[in-house]
Amino acid sequence: LADQIHAEPGQIVSKTLAQNKAVSLTLFAFSKGEEISTHESGGDALVTCLDGVGRVTVDGVPHVLHTGESILMPARHPHAVYGQEQFKMLLVVVF
């Protein structure tokens with residue numbers, strides 16, 4: 001999956017793999033230093049780091065993810081994602 005998406009400097013790139021009323025599967029590639037600011041989702045979300053190093057903040061608590069690691073972001077809890085280094089992730093949201 002990591003080979004399916006790439007970000008140039010200063011970019012966050014996303015690629016939707018599947019999306020319907022029950023689930024969303026999206027690949028993301030972050031350049032170092034790029035961020036998705038704090039927001040909430042209506043579904044439970046699982047982030048899996050496919051490559052690099054990213055920081056996922058959930059309820060104000062930062063968690064550093066390395067390749068192969070995952071974190072759960074519960075529905076309606078504020079969260080943000082930051083490319084601490086070049087960072088690729090798979091986001092699975094279940095509504």
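Analyst: Contact here means heavy atoms within 4.5 Å. The model is predicted, so to speak of local features requires pLDDT of at least 70 and side-chain atom pairs count only at pLDDT 80 or more, while totals for chains, interfaces and linings use all residues. Residues are numbered from 1 along each chain as its sequence is written, and side-chain values use heavy atoms, with hydrogens and water left out.

Beyond its neighbours within four places in sequence, S41 is in contact with A75, R76, H79, V93 and F95. Within its own stretch of chain, the side chain of S41 reaches the backbone nitrogen of G43 at 3.2 Å, a polar contact (N or O atoms within 3.5 Å, one able to donate a hydrogen and the other to accept it; residues adjacent in sequence count only through two side-chain atoms).

V93, one of the contacts of S41, lies in strand β8 (residues 87-94). β8 pairs with β2 in the antiparallel sense over 8 bridges, where pairing requires at least two DSSP bridges between the strands. In this pairing, F87 of β8 is the bridge partner of F30. β2 (residues 23-30) has 6 of its 8 residues buried, which means that this strand is largely enclosed by the rest of the structure.

β2 is also joined to β1 (residues 12-19), again in antiparallel fashion, by 7 bridges. A hairpin of 3 residues connects β1 to β2, and K15 stands opposite L27 across this pairing.

The setting of these elements is a protein with 8 strands and 0 helices. Among contacts with a separation of 6 or more, 60% involve residues 24 or more positions apart; the contacts of S41 include A75 and F95. The C-alpha atoms occupy a box of roughly 30 × 30 × 20 Å along the principal axes.

Note on methods
Buried means under 20% relative accessible area, exposed over 50%, partly exposed in between (1.4 Å probe, protein chains only). Helices (H or I, at least four residues) and strands (E, at least two) are DSSP runs, numbered from the N terminus.
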